[in-house]
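Good morning, and thank you for making time for this presentation.

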Amino acid sequence: MTDEPVPSPAPGAEDHLALDFVNSAVALPGGQFIDLLGTPESTNQWLFDRGLAPADAGVREMCVTQLRSLRENLRSLFAARVTGVPALPSALSAVNDALSKAPTAALLQWDEKTGPYRATPCPTNEILDRALATLAANGADLLTGPDAERLTRCDSAPCNRYLLRHGRRQWCSTRCGDRARAARAYARRAGAGKAG
Ligand SMILES: [Zn+2]
């Protein structure tokens, strides 16, 4: 994993937070997989780097699970948009749930000994909900904005990143472009070999 660093941001990811977000799980050649939201610590760092949480937000595994789930649902909507198939209703409602998450009120809790009291289930909830809402809103904006036409998935297997297309370029990075060209040249040679 150390010799294969995370590729630089895909085209468009610097302008669209949601694109950056769905690309935070990267499939690399050789069956390698990098998840920038792999641990609570790396997730806190990811959120901090994007101004979505303080450095010491104390992100927990439970919060990470919520973020990963939103990421999968957004990816599903991006895939639907790119391939022109209907959106999964569950993905749509998950993103809408996140969208409508205002900073939560402290919920009413009931303890057998002490009776009723109010508390947030997790101290980071407010931060997390705001982050989820921001990411979901950004994804919704991207899907409905003028850049949606250019949204595409990297055309260089096994890469799974999304990007905004520029001209005919369908790759998220130079590395992916080189790999796709090499694969194409190889296929051509193999085809020529068969024909001869
Ligand atoms: Zn790629």
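Let me begin with a question: how many residues lie between strand 1 and strand 2 in their hairpin, and which residue in the turn has a positive phi? Three residues separate the two strands, and Gly-30 has the positive phi, about 80 degrees.

A word on conventions. The model is predicted, with local features needing pLDDT of at least 70, side-chain atom pairs counting only at pLDDT 80 or more, and totals for chains, interfaces and linings using all residues. Residues are numbered from 1 along each chain as its sequence is written, and side-chain values use heavy atoms, with hydrogens and water left out.

The protein chain contains six helices and six strands; these are DSSP runs, H or I of at least four residues for helices and E of at least two for strands, numbered from the N terminus. Their order along the sequence is α-β-β-α-α-α-β-β-α-β-β-α. Of the 196 residues, 39% are buried, that is, under 20% relative accessible area with a 1.4 Å probe, protein chains only.

I return to the hairpin. Strand 1 covers residues 25-28, strand 2 covers residues 32-35, and four bridges join the two in antiparallel fashion; pairing requires at least two DSSP bridges. Ala-27 stands opposite Phe-33. In a regular strand, side chains alternate between the two faces of the sheet. In strand 1, Ala-25 and Ala-27 point one way, Val-26 and Leu-28 point the other way, and all are buried.

Next, the helices. The axes of helix 3 (residues 61-83) and helix 4 (residues 89-99) come within 9 Å and cross at roughly 125 degrees. Axes are lines fitted to C-alpha atoms over the stretch in contact, with angles from 0 to 180 degrees between N-to-C directions. Helix 4 and helix 5 (residues 125-144) have axes that come within 7 Å, again crossing at roughly 125 degrees, and are therefore oblique to each other.

Finally, the zinc ion. Its protein donors are the SG atoms of Cys-154, Cys-159, Cys-172 and Cys-176, at 2.2 to 2.4 Å; donors are N, O and S atoms within 2.8 Å of the metal, or 3.2 Å for Na, K and Ca. They follow the spacing C-x4-C-x12-C-x3-C. The site is tetrahedral, with angles of 103 to 119 degrees; the criterion for four donors is that all angles lie between 85 and 135 degrees. Cys-154 is buried, at 6% relative accessible area, as is Cys-159, at 4%.

Definitions and conventions:
Tetrahedral: all angles 85-135°; square planar, octahedral: opposite > 155°, others 65-115°. Buried < 20%, exposed > 50% of the residue type's maximum accessible area, 1.4 Å probe, protein only. Parallel < 35°, antiparallel > 145°, perpendicular 65-115°, else oblique.
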